[in-house]
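Visitor: Can you walk me through this one? I have a few quick things to ask.

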Amino acid sequence: MSFQIVSSQASLPNPLDILEEIISANEWLFDRTNDDELIVELDGRWCHYRMFFVWQKEIGALQFSCQFDVKVPDRKREDVHDLLAMLNDKMWLGHFNVDMQQKTPLFRYTLLANGNRTLAIEALEDLIEIALTECERFYPAFQLVIWGGKRPGEALASSMIDVAGCA
């Protein structure tokens, strides 16, 4: 099979400009370190999150990660990696991993801008919503493994329970 790559990414608008508007509307703290990088700080239900957006104009890709504010101790690294394998098996979009330098769990996803189309505001809003939903959903599993002494399967089962009603 052969195919030809036609590069038209030079004319793509920068999605970080749109993301700045979304982030400002939510009144989240952010820093636009340069034209191709954006860092966002926000409080979630369980912890503080740091989002990183990196725009690769050459390939028309927006790389995104949402980092937790918890460190993985060396003694728990194997259990956390087992948890990651189980979590990622349940994921439809994106994946979790551990930043090896900072030893922190994070959610990662990459969006591609096909042809010369821009990434729609709806797609960018969905990206943030999906990431925050998954991070909030699985943060307790990380806590149960790291600090609660639970095995990965047990921690994951606990985080998969959907609560109905209110107490």
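Guide: We can go through the sheet, the cysteines and the tryptophans in turn.
Guide: This is a predicted model, where local features need pLDDT of at least 70, side-chain atom pairs count only at pLDDT 80 or more, and totals for chains, interfaces and linings use all residues. Residues are numbered from 1 along each chain as its sequence is written, and side-chain values use heavy atoms, with hydrogens and water left out.

Visitor: Sheet to start with. What is the strand order?
Guide: The open sheet has six strands, ordered E1-E2-E3-E4-E6-E5, with antiparallel pairing. Strands here are DSSP runs of at least two residues, helices (H or I) are runs of at least four, and both are numbered from the N terminus. Two strands pair if DSSP finds at least two bridges between them.

Visitor: Which strands are at the edges?
Guide: Strand E1 (29-34) and E5 are the edge strands, and each pairs on one side only.

Visitor: How many bridges join E4 and E6?
Guide: Seven bridges, in the antiparallel sense, between E4 (residues 61-67) and E6 (residues 104-112). Phe64 stands opposite Tyr109 in E6.

Visitor: New topic. How many disulfides are there?
Guide: A search of the whole structure finds zero disulfides (a pair of cysteine sulfur atoms within 2.5 Å). For Cys47, the nearest cysteine sulfur is that of Cys135, 7.5 Å away.

Visitor: Is Cys135 buried or exposed?
Guide: Cys135 is buried, at 0% relative accessible area. Cys47 also counts as buried, at 7%. Buried means under 20% relative accessible area, exposed means over 50%, and partly exposed is in between (1.4 Å probe, protein chains only).

Visitor: On to tryptophans. Where is Trp92?
Guide: Trp92 lies in the loop between helix H2 (77-90) and strand E5 (95-99). Trp92 is exposed, with a relative accessible area of 85%.

Visitor: Where is Trp147?
Guide: Trp147 sits in the loop between helix H3 (121-146) and helix H4 (152-159). Trp147 is exposed, at 53%.
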